[in-house]
Amino acid sequence: MALKVYLSGEIHTDWREQIIEGAQGLEVSFNAPVTDHGASDDCGVAVLGAEENKYWHDHKGAMVNAIRTRKGIADADVVVVRFGDKYKQWNAAFDAGYAAALGKSVIVLSPPEHQHALKEVHAAALAVAEEPRQVVEILTYVLTGKLPA
């Protein structure tokens, strides 16, 4: 068995790298949004032309990024959605809802202090982890049937 995993959400820490490194040796392929914040914000105007109004600047970027996000989630077997300590990550909540609506297996990765705020997102997930290591352990168990050492 092999898994395709989409890593969605927070872009300010190295959680993706921790999961990818921890999953070495497993039959897992990873995909993710563009995590270069500047490129992600400016992709729409860089390709489609400048906008004076910030709303339209952001809108163009969101639409171009949605092409990648929709494809990544649609192709995934498992979608991991990370909610970090900073910022209100509405895009991560949207991705979790989109993945759940598509019937994808969703793993939420979030700190304990966000339990109340994310209760509906957590209810739609098949697992809620607090550490990247736990995501790796879930993937290991799903692929091999082995429990953590």
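**Entry 1: Asp75 and its partner**

I began with Asp75, which I found to be partly exposed, since its relative accessible area is 35%. The model I am reading is a predicted one, and I keep that in mind for every value below. When I looked for a partner, I found that Asp75 and Lys71 meet through their side chains in a salt bridge, at 2.8 Å from N to O. I then asked myself how far apart Lys71 and Asp75 are in helix α3. They are 4 residues apart in that helix, so about one helical turn separates them. As a reminder to myself, side chains of opposite charge can pair when their charged atoms come close.

**Entry 2: other salt bridges**

I looked up the count for the structure, and it comes to 6 salt bridges. One of them joins Asp58 to Lys54, with 2.9 Å between the closest N and O atoms. I noted that both residues belong to helix α3, which covers residues 54–75, and because they are 4 residues apart there, about one helical turn lies between them. Lys54 is exposed, at a relative accessible area of 52%, whereas Asp58 counts as partly exposed at 36%.

I next turned to Lys60, which forms a salt bridge with Glu51, their closest N and O atoms being 2.8 Å apart. Is Lys60 buried or exposed? Its relative accessibility is 13%, which is under the 20% limit, so I wrote Lys60 down as buried.

**Entry 3: a patch of negative charge**

I then searched the surface for charge and found a patch of negative charge in which Asp85, Glu113, Glu130 and Glu131 gather. I followed up Glu113, and found it in the loop that runs between β4 (105–109) and α5 (119–124). With a relative accessible area of 57%, Glu113 is exposed, because the limit for that word is over 50%.

**Entry 4: aromatic pairs**

How many aromatic pairs does a search of the whole structure find? I noted 2 of them. In the pair of Tyr55 and Trp56, the ring centres are 4.7 Å apart and the planes stand at 85 degrees, so I recorded the pair as edge-to-face. Trp56 is partly exposed, its relative accessible area being 43%.

For Phe94 and Tyr98, I read 6.4 Å between the ring centres and 10 degrees between the planes, so this pair is stacked. Both residues lie in helix α4 (residues 90–101), where they are 4 residues apart, or about one turn of the helix.

**Entry 5: Gly9**

Last, I looked up Gly9, which lies in strand β1 (residues 3–9). At 9% relative accessibility, Gly9 counts as buried. I then compared sequence with space for Gly9 and Val80, and found that they are 71 residues apart along the sequence but 8.2 Å apart in space, taken from C-alpha to C-alpha.

Definitions and conventions: Residues numbered from 1 in each chain as written. Predicted model: local features only at pLDDT ≥ 70, side-chain atom pairs only at ≥ 80, totals over all residues. Heavy atoms only, no water. Patch = residues over 30% accessible without salt bridge, like charges linked within 9 Å, V, L, I, M, F, W, Y side chains within 5 Å. Areas by Shrake-Rupley, 256 points an atom, 1.4 Å probe, with all protein chains shown as cover. Salt bridge = Lys/Arg side-chain N within 4 Å of Asp/Glu carboxyl O. Lys, Arg positive; Asp, Glu negative; His and termini not counted. Charge placed at Lys NZ, Arg CZ, Asp CG, Glu CD. Helix = DSSP H or I, 4+ residues; strand = E, 2+ residues; numbered from the N terminus. Buried < 20%, exposed > 50% of the residue type's maximum accessible area, 1.4 Å probe, protein only. Phe/Tyr/Trp six-rings, centres within 6.5 Å; stacked < 30°, edge-to-face > 60°.
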